Amino acid sequence: MDGSVASGCEMVIGTRADPVAIVAQVCDPELPFLSIVDLGIVRSIDIEGHLVTVTITPTYSGCPAMEAIRSDISEALVDGGFKAAVRTVLDPAWTTDDITAQGRQLLASNGVAPPALPAIVLCPRCAAASPRMVSEFGSTACKALMVCGSCGEPFDHFKQLR
Ligand SMILES: [Zn+2]
């Protein structure tokens, strides 16, 4: 993930805090270029005075990133001068359809094939169709490792979940 070419997650330090903007700058630790808003896991942000309650839905059950995301949200809000509460709701469940259009673009431009049926995954390097799955589990549990049948490039595919 080093040297990513595009990011939705540049931290803006020193600007007067907007809690919604702060939450939008928190990124998935497993996809450090992708904000949790573009990932689609933020269900609501409720602001009552200085208390900001953020409601999130986990991606894959048992995803180890969720605990880190919860504490990253709290830390970012506290750094911005707010009190933070992070709630988790399981229903309605998150699906990869909740990833925003910008999130899909960021995945592709960072070499991760966005969610799609395995039969129509495109190589993020040469856009050839029908790569071969090497492993159900790539660098993280939510990604599969694929190899392009055309250019031979190995790449992660963010597995479709719906
Ligand atoms: Zn390719």
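Me: In this predicted model, which residues of α4 are buried, and on how many sides of α4 do they lie?
Reply: The buried residues of α4 are G103, L106 and L107. Around the axis they cover an arc of only 100 degrees, which puts them on the same side of α4. An α-helix has 3.6 residues a turn, so residues three or four places apart point the same way.

Me: Which exposed residues does the opposite face of α4 carry, and what covers the buried residues?
Reply: Cover for the buried residues of α4 comes from elements including β2, α2, β6 and β9. The face turned away from the buried side carries exposed residues, namely A101 and Q105.

Me: Which residue just after α4 takes a positive phi, and of about how many degrees?
Reply: The residue in question follows directly on α4 and is a glycine, G111. Its phi is positive, at about 80 degrees.

Me: What is the strand order of the open sheet that contains β6, and which strands are at its edges?
Reply: The sheet has 4 strands with mixed pairing, in the order β6-β9-β8-β7. β6 pairs with β9 in the parallel sense over 2 bridges, and A113 stands opposite H157 in β9. Two strands pair on one side only, which are the edge strands β6 (112–113) and β7 (132–135).

Me: Which atoms coordinate the zinc ion, and what is their arrangement?
Reply: The protein donors are the SG atoms of C123, C126, C148 and C151, lying 2.3 Å from the zinc ion. These 4 donor atoms subtend angles of 104 to 114 degrees around the ion. Four donors count as tetrahedral if all angles lie between 85 and 135 degrees, so the arrangement is tetrahedral.

Me: How many residues apart in sequence are the parts tied together by C123 and C148?
Reply: In sequence the donor residues follow the spacing C-x2-C-x21-C-x2-C. C123 lies in the loop between β6 and β7, whereas C148 lies in the loop between β8 (143–147) and β9. Both C123 and C148 are buried. The pair therefore ties together parts that are 25 residues apart in sequence.

Me: How many residues of β4 are buried, and which strands pair with β4?
Reply: Of the 6 residues of β4, 5 are buried, so this strand is largely enclosed by the rest of the structure. β3 (residues 42–48) runs antiparallel to β4 and is joined to it by 6 bridges, with T53 as the bridge partner of D46. Strand β5 (residues 83–88) pairs with β4 in the parallel sense, also over 6 bridges, and T55 has R87 as its bridge partner. The count of buried residues is 5, and the pairing strands are β3 and β5.

Me: Where is T59, is it buried or exposed, and which residues does it touch?
Reply: T59 is placed in the loop between β4 (51–56) and α3 (65–79). Its relative accessible area is 11%, and T59 is therefore buried. Not counting residues up to four places away in sequence, T59 touches L39, I41, M66, W94 and L161.

Me: In the largest nonpolar core, which residues touch the most other members, and which element gives the largest share?
Reply: This core has 31 residues, of which I73 and F158 touch the most other members. Elements giving two or more residues to the core include α1 (19–24), β2 (31–35) and α2 (36–39). The largest share, 6 residues, comes from α3.

How values were computed: Residues numbered from 1 in each chain as written. Predicted model: local features only at pLDDT ≥ 70, side-chain atom pairs only at ≥ 80, totals over all residues. Heavy atoms only, no water. Buried < 20%, exposed > 50% of the residue type's maximum accessible area, 1.4 Å probe, protein only. Contact = heavy atoms within 4.5 Å. Core = buried A, V, L, I, M, F, W, Y, C linked by side-chain atoms within 4.5 Å. Pairing = 2+ DSSP bridges. Donors = N, O, S within 2.8 Å, 3.2 Å for Na, K, Ca; no water. Tetrahedral: all angles 85-135°; square planar, octahedral: opposite > 155°, others 65-115°. Arc of directions from axis to C-beta.
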